[in-house]
Amino acid sequence: MLFRSSCCRYNHPAIDAVAGLMREHVFRANDITAMEVHPFCWALTLGNKVEPRNLVDVQYSIPCCIGVAAVIGTHALLPVDERTLNRPDVPAFALRVTLHTDSALDSRFPAETVARVIVQTPQCVYESPVTTPPGEIGRAHV
């Protein structure tokens, strides 16, 4: 499902990857015990705060945006608003997200902005394919 978001473009591949896994395997945010996000290196230069103080902190944080999408839904990123800052479940979720460099994905930047995600639940570990954001060259538009 294609969606638009008011967060940084560098967040979009990881958000789409998580949303895709949640849809495909039918699990919810509270089922996730840990998550690894493997973006290209420049995505790691964002603030990536897990406890945002303002909307800019939210918009430039992969863990927080994934938390918003997983806990509330991707619609809550359209746009991110003040209600997000007052939700303790979003930063609690963001604490379960770790960011890792991936040299294979690094080599694709800046031509592509990509990420892959590994989600752990008590029952299973799920891995997304390498995911590109909406509007990326070569992405099928749904």
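## A sheet and the helices on it

Me: What is the order of the strands in the open sheet?

Reply: The 4 strands of this open sheet stand in the order β2-β1-β3-β4, and their pairing is mixed. At the edges are β2 (97-99) and β4 (125-127), each of which pairs on one side only. This is a predicted model, in which local features need pLDDT of at least 70 and side-chain atom pairs count only at pLDDT 80 or more, while totals for chains, interfaces and linings use all residues. Residues are numbered from 1 along each chain as its sequence is written, and side-chain values use heavy atoms, with hydrogens and water left out.

Me: How do you know that β3 and β4 pair?

Reply: Two strands (DSSP runs of E, at least two residues; helices are H or I, at least four, and both are numbered from the N terminus) pair if DSSP finds at least two bridges between them. Strand β3 (residues 115-120) and β4 have 3 bridges in the antiparallel sense, so they pair. Val-119 has Tyr-126 as its bridge partner in β4, Gln-120 stands opposite Val-125, and the two strands form a hairpin with 4 residues between them. On β1 (34-39), β3 has an antiparallel partner over 6 bridges, with Pro-39 opposite Ala-115.

Me: Why is β3 called largely enclosed?

Reply: Buried means under 20% relative accessible area (exposed is over 50%, partly exposed in between, with a 1.4 Å probe and protein chains only). In β3, 5 of the 6 residues are buried, so the strand is largely enclosed by the rest of the structure. Val-117, for example, has among its contacts (heavy atoms within 4.5 Å) Ala-14, Val-18, Met-35 and Tyr-126. Val-117 is also one of the residues that touch the most other members of the largest nonpolar core, which has 35 residues, and the largest share of this core, 7 residues, comes from α3.

Me: What is the angle between α1 and α3, and how far apart are their axes?

Reply: The angle is about 30°, on a scale that runs from 0 to 180 degrees between N-to-C directions, and the axes lie 9 Å apart. Helix α1 (residues 12-25) lies across β1, β3 and β4, while α3 (residues 62-72) touches β1 and β2. Where the two helices meet, Ala-14, Ile-15, Val-18 and Met-22 of α1 face residues of α3 including Ile-62, Cys-65 and Ile-66.

Me: What kinds of residue make up the contact of α1 with α3?

Reply: There are 9 nonpolar residues, no polar and no charged.

How values were computed: Nonpolar A, V, L, I, M, F, W, Y, C, P; charged D, E, K, R; others polar. Core = buried A, V, L, I, M, F, W, Y, C linked by side-chain atoms within 4.5 Å. Lists of a residue's contacts leave out its neighbours within four places in sequence.
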